[in-house]
Amino acid sequence: MEHRAEVREFLSTRRARITPEQAGLPAYGGNRRVQGLRREEVAMLAGVSIDYYVRMERGNLSGASDSVLDALARALQLDEAEREHLFALARAAGPGQRQRRTPPATVRPAIQQVLDAITDAPAWIRNGRHDIVAMNRLARALYSPVLADPRRPANTTRFLYLDPAAREFFVDWDRIANDAAAMLRLEAGRAPHDRALIELVGELSTRSEVFRERWASHDVQFHRSGRKRLRHPVVGQLDLDFESMELPSEPGLTLNVYTAAPGSPGADGLRMLASWAATQDLAEAQPTAADQR
């Protein structure tokens with residue numbers, strides 16, 4: 001994930017998707033040789049010289065002020081996630097950029113207590129690489145297909161792209177695959193020196209052509225709330241609402257909670273999941289014949 005290439009591809013792909021009409025510019029001539037806006041048009045919209053914008057699109061954001069980045073974000077019509085990504089890329093280009101602190105691989109006992117206190121909803125914590133860091137009982141039951149791989153930490157995006165069971169588990173697999181790649185791209189901008197993230201992207205790029213295509217789009221997005229449809233191997237399809245919340249006390253970690261409206265099929269499914277999880281706990285607690293001897 002070479003930094004100049006990251007900047008170059010991000011800016012050029014954002015420029016290519018905007019037509020002159022969308023930018024409020026007259027489209028002179030019928031044969032435009034570029035897709036989207038020309039570099040000089042972006043420079044005019046951002047209020048910078050063409051030479052300065054060309055330097056930025058070639059990958060050099062060093063020294064770009066917040067006001068210039070804001071103007072560029074407006075010119076390219078960046079959304080909130082794309083704007084954050086642009087600023088992260090600019091910070092990484094600055095002198096003396098400090099490496100972001102690696103999030104912990106486990107959580108404090110008090111945070112695990114919070115998870116365990118949530119008894120009616122699956123709740124789990126991940127880092128920016130999508131490693132599962134901690135879970136409550138219902139989350140372990142819900143994500144049992146993900147946890148079937150003995151590799152630890154379990155990683156939801158590795159499961160999504162590399163495990164054939166993922167296409168059965170995620171009802172909206174194609175959309176979720178897009179989301180996951182875009183979330184990883186956003187994290188790569190925040191933590192460009194994260195060795196484990198670099199290795200994960202390398203593994204996925206090597207083993208999955210679909211991931212390579214999604215990664216090459218340079219799309220980024222937040223994943224804060226929405227609907228997730230899962231097809232659990234025991235209880236069937238679960239249509240759940242999710243909320244993702246960053247943990248201020250543990251920078252880099254995100255709490256995810258899945259719920260269903262009272263009286264909905266999803267709520268019935270969660271009750272069935274809780275019942276199945278209880279039987280699993282009971283089975284694990286039963287002594288084997290060897291133990292009894």
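## The largest cavity

By class, 9 nonpolar, 5 polar and 3 charged residues make up the lining of the largest cavity. Here Ala, Val, Leu, Ile, Met, Phe, Trp, Tyr, Cys and Pro count as nonpolar, Asp, Glu, Lys and Arg as charged, and the others, Gly among them, as polar. The model is a predicted one, in which local features need pLDDT of at least 70 and side-chain atom pairs count only at pLDDT 80 or more, while totals for chains, interfaces and linings use all residues. Residues are numbered from 1 along each chain as its sequence is written, and side-chain values use heavy atoms, with hydrogens and water left out.

The largest cavity has a volume of about 190 Å³. On a 1 Å grid over the protein atoms alone, a cavity is a set of points where a 1.4 Å probe fits but cannot get out, and lining residues have an atom within 4 Å of a point. The volume is the space filled by probe spheres set on the points, which are joined across faces, edges and corners. Of its 17 lining residues, Thr-156, Ile-176, Met-183, His-223 and Lys-228 lie nearest the centre.

## The largest pocket

The largest pocket has a volume of about 400 Å³. A pocket is an open set of grid points with protein on both sides within 12 Å along at least five of seven lines. Among the 22 residues that line the largest pocket, Arg-126, Arg-190, Phe-222, Glu-246 and Thr-254 are the closest to its centre. Helix 12 supplies the largest share of this lining, 4 residues. The classes in the pocket lining are 7 nonpolar, 8 polar and 7 charged residues.

## Helix 13

Helix 13 covers residues 195–207. Its buried residues (under 20% relative accessible area, 1.4 Å probe, protein chains only) are Leu-197, Leu-200, Val-201, Glu-203, Leu-204 and Ser-205. They pack against helix 10, helix 12 and helix 14, where contact means heavy atoms within 4.5 Å.

## Overall form

The protein has 16 helices and 5 strands. Its C-alpha atoms fill a box of roughly 80 × 40 × 35 Å along the principal axes. Of the 293 residues, 46% count as buried.

Conventions:
Helices (H or I, at least four residues) and strands (E, at least two) are DSSP runs, numbered from the N terminus. The expected span of a helix is 1.5 Å times one less than its number of residues. Buried means under 20% relative accessible area, exposed over 50%, partly exposed in between (1.4 Å probe, protein chains only).
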